[in-house]
Amino acid sequence: MQNHFIFHSAGLKSDKIDRLLVLPFMKSVEIAIKSIRVRFFRSLITTISLVLAVSFVSFTRVGSDVANGLLSTGEPALRQALIRSGYDLQPEDVSVGNSPKQQWIIVLSLLVCVVGIVNAQLMAVTERFREIGTMKCLGALDRFILRLFLLEAGIQGLIGSGVGAVVGGAFALFNFFLRFGTVSITTLSWTQAGLSVAGATLIGCVLSLVGVMYPAMVAARMQPVEAMRVEQ
Amino acid sequence: MLSTGTVMTDSRKIVRVTHVTKSFKLGKLDVLALKGVDLEITAGNYISIMGPSGSGKSTLFNMIGGLDKPTTGKVFIDEVDIAQLDAYELAWLRCRKIGYIFQTFNIIQVMTALENVTLPMTFAGMADDAAAEKGIKLLEMVGLGDRFQHKPFELSGGQQQRVAIARALANDPAIILADEPTGNLDLNTGEEIIYLLKQLSRERGVTIISATHDIKMLNVSDQVVWIRDGRIDKIENRDELSISIGQIGTKPGHDTLSEC
């Protein structure tokens, strides 16, 4: 408030509206999409670890869904076949859960994925320090930069994990189809499988945003004077 | 519209630097980059800050541009003490009051020429149509009327610098800060850019402050500020300058001077 007073007392003839600094949301989305498209291969590398991790999650989840469908038929032959293909089923089990071992592998793969994203995004920030500094010289606030990076990561996350989840799920279906034939498809609860794919996508989006958090903060705090640097 | 006001009140001091020192920590050592600088810049003038590397030239330049704050002393831009401003107000100052031109052009690679020019206007809250219209006018003014849909990589260095000049003018700033604007350009293109800046300064009443090594700049400067060892060595006005250019030209030390 005190500072605003200084502006007024300095006699700058501009009204309150003029003090705004804005970057409309749709404009941010536009810029984010553009920079993903221009740096397509860079974005692809950032996204690829996400695609792999999410497709792994989706593969195991959808696999369990198919196995549950097979179990629900109550046929001992299918049950035996499931046990032979690696599912730990106790005699009293009526559904396939994720074993602790499997859950550990999933968590680990997600962790590795986040570290990969942080790494790739930090490099992206370093590559773009001049662009960020320039934007700040043109009047961008920290939060504009933060928002641009979050939007980019969000879009990459949505596309990457969407692709990963569908590919992983499809691969799981294909895998069971080869081993068990059509019965694996007919007994499958499609809503359950759909939920698994959607869940994996959601996890991927969250991971992408978590991974970009620190790099985006580094970018947002960058000083505008960085744009003046001549090296590079 | 502020710029026309600037022309009328000709003696207005757009930048005032009083007793400014700046120290940096270099390991355990305190390095004094500026050792007490006083400088007043009159609105509408074309100022060149000259000095060898390490003279404190860039430090002073960054301070005038609101990119750095003094250790002691005060810097007033348009009578506003920049040390009093918070991050938001500094960003506002950079958006509305100051236009930046860089040695490396710094055109944002993902955007077309026009989008680069309209970005500061978007930040300032201007509607898209109005911004595009003004952006095209500005690009025509710098001689790129037919190239506004081009991406930066389709433009030559000189053309990119012209886009940067149009972008610097986007929000009708009172000051344009040019950091070695000709440093990455060949001789002719550099000269074109210098005359374009001079023309803008005259027609629009914009104060142009440039840090440079380029001796060509002297011809168009209203004032040259020589920095040496953290202090102002001398300030020469235009009328005194013609003499010293003659001297520089006749001196055998000419080459070393233009290099430093």
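The model is predicted, so to speak of local features we need pLDDT of at least 70, and side-chain atom pairs count only at pLDDT 80 or more, while totals for chains, interfaces and linings use all residues. Residues are numbered from 1 along each chain as its sequence is written, and chains are lettered from A, and ligands numbered from 1, in the order in which they are written.

Let's start with the big picture. Chain A has nine helices and zero strands (DSSP runs, numbered from the N terminus: H or I of at least four residues for helices, E of at least two for strands). Its radius of gyration is 25 Å, well over the 17 Å that the globule rule gives for 232 residues, so chain A is more spread out than a compact globule. That radius is taken over C-alpha atoms, and the rule is 2.2 Å times the number of residues to the power 0.38. Along its principal axes, the C-alpha trace of chain A spans about 85 × 40 × 30 Å.

Now pick out helix α3 of chain A, residues 40-72, with 33 residues. There is a kink of about 35 degrees in α3(A), centred on Thr47(A) (the bend is the angle between axes fitted to the seven residues ending at a residue and the seven starting there). Just after α3(A), Gly74(A) takes a positive phi of about 75 degrees.

Finally, look across to the neighbour: 28 residues of chain A are in contact with 32 residues of chain B (C-beta atoms, placed from the backbone, within 7 Å). On the chain A side, α1 (2-9), α2 (25-38) and α6 (129-137) are the elements that give two or more residues.

Note on methods. The expected span of a helix is 1.5 Å times one less than its number of residues. Two residues are in contact if their C-beta atoms, placed from the backbone, lie within 7 Å.
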